[in-house]
Amino acid sequence: MRTVTMNKKITLQKRTEPYGHSDIEPIVAEAEVCGAVRTPSLTFVNSMAAMGYRIALTVVVWRNEFEKADYTHAVVDGKDYRIADIGAGVNDLFVNLALERQ
């Protein structure tokens with residue numbers, strides 16, 4: 001069985017579209033969770049690039065923490081990322097997030 005080491009604190013954010021001419025997306029919900037941050041393989045990056053995504057990181061988080069809100073963004077080490085794709089984790093307890101740089 002594969003193991004998952006939760007090695008970083010990640011801030012999950014749910015952002016909405018700004019009103020008017022503002023460029024700042026208002027944060028509706030936010031939660032700080034533990035996650036396993038990894039650099040994706042070249043094969044995964046290329047397959048996602050074929051679908052139009054530029055994946056920078058993958059993060060494994062607990063499914064019950066992720067499903068509390070409809071999160072759209074993640075902050076890892078002070079950098080903003082958009083959640084591009086949500087995939088299956090190691091088992092039913094985890095979810096794998098593919099993150100695109102903002």
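Among contacts in the chain between residues at least 6 apart in sequence, what percentage join residues at least 24 apart? In the predicted model this share is 58%, a contact being defined by heavy atoms within 4.5 Å. The model is predicted, and local features need pLDDT of at least 70, side-chain atom pairs count only at pLDDT 80 or more, and totals for chains, interfaces and linings use all residues. Residues are numbered from 1 along each chain as its sequence is written, and side-chain values use heavy atoms, with hydrogens and water left out.

The chain contains two helices and six strands, taken as DSSP runs numbered from the N terminus (helices: H or I, at least four residues; strands: E, at least two). From the N terminus on, these elements follow the order β-β-α-β-α-β-β-β. The radius of gyration is 14 Å, close to the 13 Å of the globule rule for 102 residues, so the chain is as compact as a globular protein of that length; the radius is taken over C-alpha atoms, and the rule is 2.2 Å times the number of residues to the power 0.38. The C-alpha trace spans about 50 × 30 × 20 Å along its principal axes.

Of the 102 residues, 33% count as buried, that is, under 20% relative accessible area with a 1.4 Å probe, protein chains only. Threonine 58 lies in strand β3 (residues 55-62) and counts as buried because its relative accessibility is 11%. Leaving aside residues up to four places away in sequence, threonine 58 touches Ala36, Val37, Arg38, Pro40, Phe44, Asn96 and Leu97.

Note on methods: Buried < 20%, exposed > 50% of the residue type's maximum accessible area, 1.4 Å probe, protein only.
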